[in-house]
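My entries follow in the order I made them.

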Amino acid sequence: MAPPFPMEKGLALPQDCRDFLHSLRMRSKYALFLAFVVVVFVFIEKENKIISRVSDKLKQIPQPLVDANGTDPALFLADNASLLSLSELDSAFTQLQGRLRNLSLQLGVEAAGEAGAEAEAEAGVGEEAPPSPPGAPPPRRHVLLMATTRTGSSFVGEFFNQQGNIFYLFEPLWHIERTVSFESGGASAAGSALVYRDVLKQLFLCDLYVLEHFISPLPEDHLTQFMFRRGSSRSLCEEPVCTPFVKKVFEKYHCKNRRCGPLNVTLAAEACRRKEHMALKAVRIRQLEFLQPLAEDPRLDLRVIQLVRDPRAVLASRMVAFAGKYEGWKKWLAEGQARLGEEEVQRLRGNCESIRLSAELGLRQPAWLRGRYMLVRYEDVARWPLRKAREMYRFAGIPLTAQVEDWIQRNTQAAQDGSGIYSTQKNSSEQFEKWRFSMPFKLAQVVQAACGPAMHLFGYRLARDAAALTNRSVSLLEERGTFWVT
């Protein structure tokens, strides 16, 4: 069978493909890579069934903002009721990269990628860290707070944000999700995880320049006014990263407590390298297994803290925070229909199964995760914030400072501040069960049916009837003690 496109001098591409590739020629290796995927899918989709496992339709396009802090990529169960294995996707991805390299040689754009690699080498990006000499400070830790939306991750993330020797980033993968569009479906959701992983690795290495290629509009001279939720990262709002304020320059996500000029990515990267440790929060990482290459990377000392919350509480919070996405649920509740749409239930089940499978993998402690994984329930953090903070820091191998302890004492005993749905100041011990008194029982029943296995694993008891749901004397939590530290 003849190849789907010529591989010799006379390579002829449709005009629209040539124009598209030309427009992306001088951009980053990530934009270039995504352009290649488009071309490969056009020419070899029929020949390469492996590629279709990664993503049926992958393209880099501007995408309207859906909500401010997280979306739930459609993650559907396969016919055999299991999620697509990323080990298969990794193999497919490796083969895809080989094909893309061959294609790049034919298109004459390999030089751009080589130039990018040389620039990284000059900046020290990608080089293995030399061994620490005797008497050197403790090794640099890389902490990932892995969660889903409305699980209290902003609040728990502050435990690391408030410590001065930690460089903390708040949801940097938001930019990737908004720029890289994946069609619905399990394979595409898993394919997006591979892109997230690559960016995550660079961020942990303090290569913050990787984000520039996903920020819209593109930064100029490494300056941007559009870093998502910059004000939620103290590291991006303190000197020397906080440059003098520039009048008449609008910054969409400005610093909260001081006026700074547009974010200088170079200064931020330098500040990252000066800090002793690195931590970031991400709600867009769904499957733990794809982190294995990061856990095995000798340049990183990765610690993963997976934060979970009662899925009934998560749904109740999302229906308030992202009301427009749950019109179908609200209509079902208001009209009293017998059945909720199967697509909504399947999406809920898929999300719960993704969380459960990741937790089960972490709790099994495979060799690559041993000593690198911790499972934490938000409800336990809300009840005993200081105790859980100490446990998390002990797990991460980082001494907890009085600065963080003071912040926890001040921000877990007070009334909620004016930050609305993203508030990190609250009387946490009173807030975590409020959902029980506003959620209709039939809605709780849907969640319990869809998420039963995950609820059982995490120790969330089922409510047998409406009275049990609203009875404060009936606990919906099983006590698990130190089982959660692995």
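**Entry: a buried pair.** I started with two rings. Phe228 is buried, and Tyr253 is buried too. The model is predicted.

Phe228 and Tyr253 make an edge-to-face aromatic pair, with 5.2 Å from centre to centre and 80° between the planes. Both residues sit in the loop between E5 and E6, yet they are 25 residues apart, and the pair links distant parts of the chain.

**Entry: the partner on the other side.** Which ring stacks with Phe228? I found Trp174: the centres are 4.2 Å apart and the planes lie at 10°, so this pair is stacked. The cut-off for stacking is under 30 degrees. Trp174 belongs to helix H7 (residues 174-179), while Phe228 is in the loop between strand E5 (223-224) and strand E6 (263-264). They are 54 residues apart. I checked burial again. Trp174 has a relative accessible area of 3% and is buried. Phe228 also comes out at 3%.

Entry: Over the whole structure, my search gave ten aromatic pairs.

**Entry: charges over rings.** The charged end of Lys281 sits over the ring of Phe170, at 4.4 Å from the ring centre. Elsewhere I noted Arg387, which lies over the face of Trp384, 4.3 Å from the ring centre.

**Entry: backbone.** Most peptide bonds are trans, and most residues other than glycine have a negative phi, so I listed exceptions. Ser216 and Pro217 are joined by a cis peptide bond, with omega about 0°. Pro217 is in the loop between helix H8 (186-204) and E5. Glu239 and Pro240 are also joined by a cis bond, omega again about 0°. I placed Pro240 in the loop between E5 and E6.

Then phi. Glu171 is not a glycine, but its phi is positive, about 50°. Glu171 lies in the loop between strand E3 (166-170) and H7. His222 has a positive phi as well, about 65°, and lies in the loop between H8 and E5.

Are these two residues buried or exposed? Glu171 has a relative accessible area of 0%, so I count it as buried. His222 is partly exposed, at 33%.

**Entry: whole protein.** The protein has 19 helices and nine strands. Of its 486 residues, 52% count as buried.

Conventions
Residues numbered from 1 in each chain as written. Predicted model: local features only at pLDDT ≥ 70, side-chain atom pairs only at ≥ 80, totals over all residues. Heavy atoms only, no water. Phe/Tyr/Trp six-rings, centres within 6.5 Å; stacked < 30°, edge-to-face > 60°. Helix = DSSP H or I, 4+ residues; strand = E, 2+ residues; numbered from the N terminus. Buried < 20%, exposed > 50% of the residue type's maximum accessible area, 1.4 Å probe, protein only. Lys NZ or Arg CZ within 6 Å of the ring centre and 35° of its normal.
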